[in-house]
2 protein chains.
Amino acid sequence: MRVTADQALVKKINKSLILHTIRMNAPVSRARVSEMTGLNKATVSNLVAELCSQELVTEAGPGESSGGRKPLILHFNAAAGSVIGIELRVKQLTAVLCDLDGGVLQEVDCRLEAHDLPYVLEQMKSIISALIAQAPPSPYGIVGIGVGVPGMVDDGVVLFAPNLGWEMVELRAILESSFEVPVTIDNEANAGAQGELNFGAARDVRHLLYISAGSGIGSGIIIGGELYKGARGYAGETGHMTIEAEGKPCSCGSRGCWELYASEKTYDNQGLTLPARTTSELVRHAIQGQEDVLNHFASIGEYLGIGVTNLINSFNPELIVIGGALSEAEPWLGGPLRRVVAERTLPYHKQQLEITFSRLGSRGTVIGAGFSAVMHFLGNIRVTL
Amino acid sequence: MRVTADQALVKKINKSLILHTIRMNAPVSRARVSEMTGLNKATVSNLVAELCSQELVTEAGPGESSGGRKPLILHFNAAAGSVIGIELRVKQLTAVLCDLDGGVLQEVDCRLEAHDLPYVLEQMKSIISALIAQAPPSPYGIVGIGVGVPGMVDDGVVLFAPNLGWEMVELRAILESSFEVPVTIDNEANAGAQGELNFGAARDVRHLLYISAGSGIGSGIIIGGELYKGARGYAGETGHMTIEAEGKPCSCGSRGCWELYASEKTYDNQGLTLPARTTSELVRHAIQGQEDVLNHFASIGEYLGIGVTNLINSFNPELIVIGGALSEAEPWLGGPLRRVVAERTLPYHKQQLEITFSRLGSRGTVIGAGFSAVMHFLGNIRVTL
DNA sequence: TGACTTTGTATATTGGTTAAACAAAGTTTT
DNA sequence: AAAACTTTGTTTAACCAATATACAAAGTCA
């Protein structure tokens, strides 16, 4: 939304700039923050003083001199509060207790036996309560809860989550009324993208495409360093991109959807002789050199490459990160995927583009979900011209 | 880029906000601008006074009273300066002289007999000089030149334009040194998107996908009201999206590219018995009911629908505008296109999404190119939180 | 005619950044 | 070791944009 500007806004912008500069570059001195941001030394001093009294920044004594007075070292106080990050999967609920810098303090898992809302909510609430109880004492306590869900999300509402059978669930409102803490709800791929962007394979990337390949395919799109959710929160539903105009019929009503060829959905294809039906088991067989499994992974890799090429042509990202359950199979997918992308992309893309697999692995989504809550707490206001 | 904030920035932001509020809502009074923006009446008065003395805003006497003192009506002064918009096509150069509100004052065409850079530059320069000579006297004169080119552009450089045989042409630098006026270079589809966004079928849309279907297919992507160019300016090269994994080989090195099935490239397909090879001629035959032509347009429409569906799933735009030469064939493409999109998109997309054809027709790109120059002159700074 | 409304301006206040001077605490040179 | 220089961080006064408030101007309505 467009806002008017006044001195209060000026202060907000500069304070946010200083806070995030310290967060990303600690340990730093006031002088270096002044250099890096371009703000006057006096301004930095004043705002740092406020940040210190808010306990978001701490002073950690003198550092090394570089030919003059020793600098006073500043740190971002990641222990000023905690957040809870949650990933809701089809058969499992994972939750972490994190500090404000994405550091995991506690981790809890819980199997889900059903998907009806009351049951899932009960499990979520009990797992959240357990983590809250374990939170270390801190100035702000629990400052937020972030949830990643396998479905489309708009403004805190789960519009549709086919694998859970959910539709129009006001998850944010429900959890906020239970815990009286700000709650952020994100699509699972979007949360994963946030995780990799801030703590994983994609730090400081401006235009990132995170592809979550598991039971389906979803993408988290980062544009200009920020999550792009589209007009109604449906952006990134790339699994239903057609890659075969007259291909297999899909449950979505279309044909030839990408995820029919490049996700775990392929494990149920007819005519296959796979020794298992989950990625982690298949990975074990691949390690032992089972030919059927190797071939199948190669095929998935190639089809992943086709879809990835399409997305590259549309988005021209700096980096692509492959995450989700299938990222476990990187050793067998990576080669074919990169080969197909190299064969099919326009020559200009090849120069700059990098393709990596998730660095946070299965934790990317929970950490990213938690980080959404952190950013909601810290705020991040900027000026674009 | 991230910027620090001070009072000068505050003023810039608010002045820009007021200017664009007047531009988009004229005629308006100071009081209404104050209401609409949320800025204090005094602030509006001060900044409007400056805008008036800069001749960007004019006072047009009293308006109707609504029960009190008559308001003083303000207008955006579109005549404060002029811009030149240029579209470079394979066989043609089109240029317009516009006022600051996209109003076309003069229009010139010129056939291109060759594509070598010196020849094209000569034509461009002579056409620009001719329009400059015709520009009406105004406070600021010619404030910029905007060019739309059929190729990929990054930061004023034409990276690659296959249909012209251009590579790494520093077009902005060349034109700026010739005319000593700011020059903006944009991809043709991006310029078209700007045109439709500001003056055509997509006014005030936040997330727009403009699809330029002609000799190939390119897309202009508007995200959050702004052009998205990607990491290196290659975003929107959607014509090379694969829609048939093992389809026809394409000159780009890939297979099954969208534009092989849904652009004018199909006119040269083997086994076809089309009576012509250009869209405008084929449209004439379609009007007369020629079956072969009708069938072919239907096929193009269907394939357009497949690609459009893919883009919808990725971007979740509010609106899709189909432009380019093929938009002439709307009566025959529109039905099949919309049918395929309805069949293949996820049900949730259908509710909100609109698909339109270009309203500016073949002028969209020139007008959009000119408007890029206008925005460069006026500036547009905003705050995002 | 008088009360009320609406529009736009003038004035004093507030509160942020900034340049410049300064104080403090170090290193380097002589 | 003393003097000169560097670096860091704070203090001070000045500047300036938005704002609330009061006010003036110009209308409507009963």
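Student: Which residues come nearest to DNA strand D?

Tutor: This is a predicted model, and in it 28 residues lie around DNA strand D, of which Lys41(A), Ser45(A), Arg69(A), Leu72(A) and Gln7(B) come nearest.

Student: And how much of the DNA side of that is sugar and phosphate?

Tutor: If you take the atoms of DNA strand D that come within 4 Å of the protein, sugar and phosphate account for 65% of them.

Student: What does Lys41(A) reach with its polar side-chain atom?

Tutor: A polar side-chain atom of Lys41(A) lies 2.8 Å from a base oxygen of DNA strand D.

Student: How many residues of the surface near DNA strand D are nonpolar, polar or charged?

Tutor: The surface near DNA strand D has 8 nonpolar, 13 polar and 7 charged residues.

Student: Switching topic, at what angle do H1(A) and H3(A) pack?

Tutor: Helix H1 (residues 7–25) of chain A packs against H3(A) at an angle of about 75 degrees, and their axes are 10 Å apart. Because of that angle, H1(A) counts as roughly perpendicular to H3(A).

Student: Which residues meet there?

Tutor: From H1(A), the residues include Lys11(A), Ile18(A) and Ile22(A), while those from H3(A) include Val44(A), Leu47(A) and Glu50(A). Taken together, the residues of this contact divide into 7 nonpolar, 2 polar and 3 charged.

Student: What about H9(B) and H10(B), how do their axes cross?

Tutor: The axes of helix H9 (residues 291–315) and helix H10 (residues 330–344), both of chain B, come within 7 Å and cross at roughly 40 degrees. That angle is why H9(B) is described as oblique to H10(B).

Student: Is that crossing left-handed or right-handed?

Tutor: The crossing of H9(B) and H10(B) is right-handed. Among the residues making the contact are Phe297(B), Leu304(B) and Ile312(B) of H9(B), along with Trp332(B), Leu337(B) and Arg344(B) of H10(B). The residues of this contact divide into 14 nonpolar, 3 polar and 3 charged.

Notes:
Residues are numbered from 1 along each chain as its sequence is written. Chains are lettered from A and ligands numbered from 1 in the order in which they are written. This is a predicted model: local features need pLDDT of at least 70, side-chain atom pairs count only at pLDDT 80 or more; totals for chains, interfaces and linings use all residues. Side-chain values use heavy atoms; hydrogens and water are left out. A residue is near a molecule or strand if one of its heavy atoms lies within 4 Å of it. A polar contact is a pair of N or O atoms within 3.5 Å; within protein, one must be able to donate a hydrogen and the other to accept it, and residues adjacent in sequence count only if both atoms are side-chain atoms. Ala, Val, Leu, Ile, Met, Phe, Trp, Tyr, Cys and Pro count as nonpolar, Asp, Glu, Lys and Arg as charged, and the others, Gly among them, as polar. Axes are lines fitted to C-alpha atoms, for helices over the stretch in contact, and angles run from 0 to 180 degrees between N-to-C directions. Helices (H or I, at least four residues) and strands (E, at least two) are DSSP runs, numbered from the N terminus. Angles under 35 degrees count as roughly parallel, over 145 as roughly antiparallel, 65 to 115 as roughly perpendicular and the rest as oblique. A crossing is left-handed if the near helix is turned anticlockwise from the far one by less than a right angle, and right-handed if clockwise. Contact means heavy atoms within 4.5 Å.
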